[in-house]
Amino acid sequence: AEYYARRALEVSPTNALAHELLGVCYLQAGDYPTAAAEFQETIARSPSARDYLMLGQAQWGMKKTDAARRSAAQALAMDPMNTEAHEFLSHRQAHPE
């Protein structure tokens, strides 16, 4: 997936979906700073609740707990029925760090 996302960005550097896919790859690999940067690129081009939530997950991995909560809250503001964002916030409140 990472290979194809990089290839897509070679052709179209502003491709939000390719940035999102790279962010997911980095998030799964535990490279939270790089994942966060990719999700921020995605949000700058095509903001979505999903991307704000994934940004929050990356921020949490970097121990940026306040930023992670703000990102998850933004996901909920965009999609109040987003169960993943509700779970993320409720779990983080129960387990602050």
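Reader: At the start of α2, which backbone nitrogen does a side-chain oxygen of N15 reach?

Author: That side-chain oxygen of N15 comes to within 3.0 Å of the backbone nitrogen of L17, at the start of α2. This is a predicted model, in which local features need pLDDT of at least 70 and side-chain atom pairs count only at pLDDT 80 or more, while totals for chains, interfaces and linings use all residues. Residues are numbered from 1 along each chain as its sequence is written, and side-chain values use heavy atoms, with hydrogens and water left out.

Reader: How many residues of α2 are buried?

Author: Buried means under 20% relative accessible area, exposed over 50%, and partly exposed in between, with a 1.4 Å probe and protein chains only. Ten of the 14 residues of α2 are buried, among them H19, E20 and Y26. The cover over these buried residues includes α1 (2-11), α3 (32-45) and α4 (49-61), and after α2 comes G30, whose phi is positive, near 85 degrees.

Reader: Which residues touch the most other members of the largest nonpolar core?

Author: A nonpolar core is a set of buried Ala, Val, Leu, Ile, Met, Phe, Trp, Tyr and Cys residues joined through side-chain atoms within 4.5 Å. In the largest one, which has 25 residues, A35, F39, L53, A75 and F88 touch the most other members. The largest share of this core, seven residues, is contributed by α4. Contact means heavy atoms within 4.5 Å, and F39, leaving aside its neighbours within four places in sequence, is in contact with residues including E20, V24 and M54.

Reader: With which side chain does the side chain of S71 make a polar contact?

Author: A polar contact is a pair of N or O atoms within 3.5 Å; within protein, one must be able to donate a hydrogen and the other to accept it, and residues adjacent in sequence count only if both atoms are side-chain atoms. S71, in helix α5, makes such a contact with the side chain of Q59, at 2.6 Å. S71 counts as buried because its relative accessibility is 7%.

Reader: How many aromatic pairs does the structure hold?

Author: Rings of Phe, Tyr and Trp (its six-membered ring) pair if their centres lie within 6.5 Å, with planes under 30 degrees apart counted as stacked, over 60 as edge-to-face and the rest as tilted. The structure holds two such pairs. Y3 and Y4 are edge-to-face, 5.1 Å centre to centre with 80 degrees between the planes. W60 and F88 are edge-to-face, 6.3 Å centre to centre with 80 degrees between the planes, and both W60 and F88 are buried.

Note on methods. Helix = DSSP H or I, 4+ residues; strand = E, 2+ residues; numbered from the N terminus.
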